[in-house]
Amino acid sequence: MTTMKTGFDKIDTTAAVVSVKHYLLDLQNRICRFIELEDGKAAFLEDKWEHKEGGGGLTRVLTSDNVIEKAGANFSHVRGQQLPHAATARRPELADSAFQALGVSVVIHPKNPYVPTSHFNVRFILVEKEGQAPFWWFGGGFDLTPYYGFIEDCVHWHQTAKAACAPFGDEVYPKFKKWADHYFFLKHRNEPRGIGGLFYDDVNEWGFETTFAFMRSVGDHYIKAYQPIVAKRKTHPYGKQQRDFQLYRRGRYVEFNLLYDRGTLFGLQSGGRTESILMSLPPLVTWNYDWHPQPGSEEAALYETFLPYRDWV
């Protein structure tokens, strides 16, 4: 790998922000195109908004009765004078610092229960504090939440995640795969949210250019990881039993996002636009008291085969 950096290495902050913003807007466009292509019927609605302290974003939401029940693809570039607690919990010395935060966040809730929900996010945080060199880091990743699992889909998902990491060192995929396993976990349920993927945060030790290249690789591989699964499973037949189970399991997704998700907490704590932050929530969801799947059922297989931690590649 490259020489270790500290996050305080000298960068042209204006050029860095322009480069990251250009990539993220293009990525948002490409992800939206692939979602519209797979749905084949609906188109994204775009909502431009401004942040009270500076900057703003582009929220895009698609709703359909065809393939994608709801998808959100957010771009944001916000400025503030006080870094939120969600970002300073591990770096209290950066409290009361001015910041810029750029990112793209995507959540896709398909209608067919045999197509998994997916989440993707990449972000760049730049902190400027008087008397100090600018401090920056990258974060993000992607994860998959199946309702009815297929081994080959899980292997493909993780093979693609591993390919995204490969140019940056053999240790990168195992490290960020493990981080995802631990991050996307509902502590109050003692249960994983899905089969994981990649998660990383506060990464700057490779230097700006290499870390930015890693973010681009993760962004580009998300489409490669998810689109083939959607295309393969979107016509799979299903009935009321499968739909009911999907809506029940979506409840876990809501619980995680509202209780643990760092991006959601950062957005709310920074005074972000609530409608855009909560676009990740599914349109329909149910909670059933003390429900358990029938032994030997397809629903039980999710808990027995797919949710437990395992090496997929």
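Trainee: Where is Asn-257 found?
Mentor: Asn-257 is found in helix 6. Helices (H or I, at least four residues) and strands (E, at least two) are DSSP runs, numbered from the N terminus. This is a predicted model, so local features need pLDDT of at least 70 and side-chain atom pairs count only at pLDDT 80 or more, while totals for chains, interfaces and linings use all residues. Residues are numbered from 1 along each chain as its sequence is written, and side-chain values use heavy atoms, with hydrogens and water left out.

Trainee: Is Asn-257 buried or exposed?
Mentor: Buried, because its relative accessibility is 5%. Buried means under 20% relative accessible area, exposed over 50%, partly exposed in between (1.4 Å probe, protein chains only).

Trainee: Which side chain does Asn-257 join in a polar contact?
Mentor: That of Ser-280, at 2.9 Å. A polar contact is a pair of N or O atoms within 3.5 Å; within protein, one must be able to donate a hydrogen and the other to accept it, and residues adjacent in sequence count only if both atoms are side-chain atoms.

Trainee: Which residues is Asn-257 in contact with, leaving aside neighbours within four places in sequence?
Mentor: Arg-193, Thr-264, Ser-280 and Leu-281. Contact means heavy atoms within 4.5 Å.

Trainee: And helix 6 itself, how many of its residues are buried?
Mentor: 15 of its 20, so the helix is mostly covered. Helix 6 covers residues 240–259, and its end C-alpha atoms are 29 Å apart.

Trainee: What caps the N-terminal end of helix 7?
Mentor: Asp-261 does. One of its side-chain oxygens lies 2.8 Å from the backbone nitrogen of Thr-264. Thr-264 is also among the buried residues of helix 7 (residues 262–269), with Arg-262, Phe-266 and Gly-267. After the helix comes Gly-271, with a positive phi near 75°.

Trainee: New topic. Where is Asn-112 found?
Mentor: In the loop between strand 4 (98–110) and strand 5. Asn-112 counts as buried, because its relative accessibility is 5%.

Trainee: Which backbone atoms lie by polar atoms of its side chain?
Mentor: The backbone nitrogen of Tyr-114 lies 2.8 Å away. The backbone oxygen of Lys-234 lies 3.2 Å away. Not counting residues up to four places away in sequence, Asn-112 touches residues including Val-67, Arg-233, His-236 and Gln-246.

Trainee: Now the rings. How many aromatic pairs are there?
Mentor: The whole structure has 38. Phe-120 and Tyr-222 are a stacked pair, because their ring centres are 4.9 Å apart and their planes are at 20°. Rings of Phe, Tyr and Trp (its six-membered ring) pair if their centres lie within 6.5 Å; planes under 30 degrees apart count as stacked, over 60 as edge-to-face and the rest as tilted.

Trainee: Which elements hold that pair?
Mentor: Phe-120 is in strand 5 (residues 117–128) and Tyr-222 in helix 5 (residues 208–233), 102 residues apart. Phe-120 is buried at 0% relative accessible area. Tyr-222 is buried too, also at 0%.

Trainee: How confident is the predictor in the chain?
Mentor: The average pLDDT (the predictor's confidence in each residue, from 0 to 100) is 92, and 93% of the residues score at least 70. Over residues 1–5 the pLDDT is below 50.

Conventions. The expected span of a helix is 1.5 Å times one less than its number of residues.
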